[in-house]
Every structure is written in C-alpha cells, then in structure tokens.
Amino acid sequence: MGEQAVEDIAENPIEKPGANTAHRVLYDGQCEICQGCVSWLKALDRENKTICLPISVEVLSAVDSRLQMDECLRQLHVVTPTSEIHVGWDAVACLARLFPSTWLIGALGQRFPFRSAGRFFYGFVAKNRYSLSKCRGGACRVAKPEAVRRKAKLGAFWSCYTLGFFIRVPLVLWAGIKAAGQRANIFARTYHKRLDLPNGKLTILFLNGMLPNTVPLLFGELFTAIIYDGIAIDPGSPKMRWSLARHLRQVKPKITKVVATHAHEEHVGNLNWLAEVTGAPVYVSEMTARFLTPFKRLPWVRATIIGQPPDLKQPYHLLGETIDTESGYLQVIETPGHCDDHIALYDPKEKVLLAGDAFMGSYFATPNPDVDSRKWLVSLERLMELDIEILVEGHGHIHTLRTDIPDFPGVVIREDPKVAISQKLAYMRWLREQIEAGFQEGLPVRVIEASCFPWGRRTSWESCATDECIRLLSLGHFSRTELVRSFVRTDGEQLPTVYEVRISGGE
Ligand SMILES: [Zn+2]
C-alpha cells in the first residue's frame, strides 16, 4: 500500500500546461516534512505559480538534465521558468517571494544576516529530517516500499504521521473554519427554499426543523424531499413535517405516489403522513418494508435530532422493476452499500438519476455503521452503466452540466455526473486496496485508518476538522473508523470478530 499516497500533490511535469511558465519544485515524496511544506505551498499558491514534483529519475530528466538525484534528495531544488536552479534555503526564499503573504520572508531571506541564519536552520532540518520522519505505510511513497515495510516500526509511522499533522495544524483549522462558513452560507440560502427545475418535472423541497437544522450546519447534509413527475420521494422525518406541510401549501403539487429510497430516519418518517394528506399510495422495496415494520429503536442522538420514525402502516405497495410516473416511468435500481435496502430511481427518457444516498459526493469519509463499502462499489459500477445527465443526491446536491438547470451555488454542482461517480469509484477502490493491504500486513486498525488519510492527500487535512467534529458529535456513530470497518463487513454480523478484538484491544 501507499503507492498512490502522494498522487494528490504530485503533478506531471510534461502534461501539465504552463510547465515552462511555473516554478518547478522538486521535493522528496518520502519525507513527511517535505510533504507538509508542499501542502503549505499549495494552500498559498492560488494562481498555480508552482508545480510540485516528487523526485524520481524520470521526473528529474524531464525537468532539467542538470539535476542530480543525490543532490535533490539532500535538499530542495527549484527550477525557475528561466531555467535557473535554486537550492536549499535559497529555493525556499525564492518560493516565498512568489506570494504576497510570504514575500517579506523571501526578500529578507536573501540578505545578511537572515540568509546565513536561514541556511543554517535549513541545513539542520535537512540533515535531521529522516530521524524525525521515518515513515512507512500509506503516508509515504518510498523507493523500496517492501524493504521499508519489513524494517519500519509502528513508532516510526506514528511519529511521521503526527509530525505531518502538526506541520499542517494551522491549515487544518483554517480549512475547518472555512468549511463551517460555507455550510452556514448554504444552509441560509436553502432555508425553507425549493428548487423548481425548468421542465416542471423535478422539484426539490429543502426541509428544516429546529433540531434537524443542526445537521446541515455541522455536517453539511441538507434535508430534502423530492417530487419527480408526480412521485414524492423521501419525504423527511417527523421533525421536518411542519416544513414539508408548509411547502405543500405553497406548491400544491400533484402527488400520485409516495416512495422511499431506503429506511433511514430522515427519509421515511413522513411516508404514512404524506400518503394520508395526499391520498397517494406508499411504495417501498420489500427490504425497506421489513426494516420499517417495526422500525428499530434509533440511537438516542439520532432519535433526538432527526426523530424516531413511526412504523410503516398498511396498506403499502412493494416496488417492482419500474414505477409509473405522470408522463412515463422510473426504473428501480437496487443499490445496496449505503445500507442493504437502498434503491435508486432512474428516468431513461430524461436521463435523470435520483440517487438517494447511493451517491453522497465523491469524497465522503464518515459513513454510518450500516455501510458496506464493497457492496457500494458494485452499486456504483452499476450506476456507471447508465446514461446520466442530471444526478440528484438524497441530501440536496445536483450534479449536472445541463445549461437549462439554473445556477444555485452550493447545491447545483457543474460537473458531469458520470465523472463524479467515477471519481467516487476511484477513491473507494483506492481505499479498498489500502485496507486490504493493511490487513494482509497485519497492521492495527488505527494504523490502517491513518494510512487511508495520508496527509499528502489534500482532502485528508482539509476535511480533518469536520470529520473529527462529526465523530465527536455523533458519539462515534459516524467516523473515519467506520469507513475502514465498512470494507470488512460480512453478511449477518456487523463486524468480523478479529476486527472487534483489534478495535477494542488495539492489538
Ligand atoms: Zn441514508
């Protein structure tokens, strides 16, 4: 494992446009300190003035024939657009001068006595960096991964991983604050709002409620009910009922059927209620019906915030392979993974996929305990076979390139739905590789978890504060640990025994 760990910060010197107009930074992809500094560089570099390249024989010869492998491994090398080569502290000062916020450091760093002090300090860190960070596993890519794996102790891994974290702490906090601001912004703009899409077939109602509102604010998941061509889908929880009723009074939509994509509380709590007020029959899959009669008692955090749904009442209908809409039909596609009973709905005529929770963004690292990621992978592969122009998620986001869909920043994401799904697939396949390799090597679960979030991946530190908040606030219900566990579930039991032992005993 670990082969692709630095792919996020590594760039291709040849394919990258503007390779000759940017400063090329050659860093040691094995070194956590170098990787940490590259994260800072990327955060500073809004205008792509630099390209960061991990050192390898091919990269060096592609960038400049004067570069020597040994020299580059010893200290930082920067090749300017005019083919000047700066080395060590002078390279740091050269990079600092590129950005307004660090310009002064760079300018002073060239002058006595700061230049001598800088060179001395740089030399000290460069000489000792391997004793500070001897990394193994997912956080580093190494020249001889097998040899390192055999030799390296977990202490080295943790010292390296921790060091990588501390170098990025200000970035982690800043990214956390920024993400919280964005969540608040999107929440405010969707509060009691609805989104009517031009052809009138699709309406998204954003649902609110006193306690449910904490979820979009803290976690970024919006609550919605979808009305598609006469079918109401996932009409929210009892604590959002007032909000749903308010929408229905305003829109007065024609609803002929009520459908749930799966038996999670924020999707099914109003099924019977909506059927009663509209006279429309309820349709669910056979497994969802089973999960709803009776509905199991939720953990108290979820019951308090979202609300315990009532049991599903008769009469209801079971979903077949298709369900008729006002002007056509929707295919019912089994998509287990997010939970076992999940189904997605697809309109082949309009090329619309109502994915429910089968797609929750390309990067999603804090799943619920009933996620089975291996089943999810198969489901995503199935969705990749569809021709999709509009992808509607169960928590309010829409992915589409169609120009007839109006802009709604934070909700409508201008992205090819198939690209979004394939990115998610690639990410999950990489995770599966990391986790399976980790278990084969007999690594403790905590190490495997860390190796799934190497700091070289931007998302690892960008979402770190949010992910850990979610873990804390959900009392461990939704967490990065659950993501690892979601790849090793077997049918019938929640966790393999060896795993439970590892988690509780830490090996
Ligand atoms: Zn769900």
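## About the model

This is a predicted model, in which local features need pLDDT of at least 70, side-chain atom pairs count only at pLDDT 80 or more, and totals for chains, interfaces and linings use all residues. Residues are numbered from 1 along each chain as its sequence is written.

The protein chain holds 21 helices and 18 strands. Helices (H or I, at least four residues) and strands (E, at least two) are DSSP runs, numbered from the N terminus. Of the 507 residues in the protein chain, 44% are buried. Here a residue is buried if 20 or more other C-beta atoms lie within 10 Å of its own, exposed if 12 or fewer, and partly exposed in between, with C-beta atoms placed from the backbone. Among contacts between residues at least 6 apart in sequence, 68% join residues at least 24 apart; two residues are in contact if their C-beta atoms, placed from the backbone, lie within 7 Å.

The arc is that of the directions from the helix axis to the C-beta atoms. An α-helix has 3.6 residues a turn, so residues three or four places apart point the same way.

Helix H10 (residues 241–251) has Ser 243, Leu 244 and His 247 as its buried residues. Their arc around the axis is only 100 degrees, which puts them on the same side of H10. Exposed residues Trp 242 and Arg 249 sit on the face of H10 turned away from its buried side. The cover over the buried residues of H10 includes strand S5 (194–196), strand S6 (202–207) and strand S7 (223–228). After H10 comes Lys 252, with a positive phi near 45 degrees.

## The nonpolar cores

Which residues have the most contacts inside the largest nonpolar core? They are Val 25, Ala 344, Leu 353, Leu 354, Leu 391 and Val 392, in a core of 104 residues. Helix H4 (residues 88–96) gives this core its largest share, seven residues. At least three residues come from each of domain 1 (23–132) and domain 2 (190–361 + 371–420), with domain bounds taken from an automatic or database domain assignment. A nonpolar core is a set of buried Ala, Val, Leu, Ile, Met, Phe, Trp, Tyr and Cys residues joined through C-beta atoms within 7 Å.

Leaving aside neighbours within four places in sequence, Leu 391 is in contact with residues including Leu 353, Ala 355, Phe 359 and Ile 398.

## Paired strands

Strand S12 (residues 322–324) and strand S13 (residues 329–334) run antiparallel and are joined by three bridges. Two strands pair if DSSP finds at least two bridges between them. Four residues lie between S12 and S13 in the hairpin that they form, and Ile 323 stands opposite Leu 330 in S13. S13 also runs antiparallel to S14, with four bridges joining them; Val 332 has Leu 345 in S14 as its bridge partner.

## Backbone details to look for

The bond from Thr 293 to Pro 294 is cis, with omega near -10 degrees, and Pro 294 lies in the loop between helix H13 (286–292) and helix H14 (300–305). The bond from Gln 314 to Pro 315 is also cis, with omega near -5 degrees; Pro 315 lies in the loop between H14 and strand S11 (317–318).

His 192 is not a glycine, yet its phi is positive, about 55 degrees. His 192 counts as exposed, with 12 C-beta neighbours inside 10 Å. Asp 234 has a positive phi too, near 50 degrees, but Asp 234 is buried, with 27 other C-beta atoms within 10 Å.
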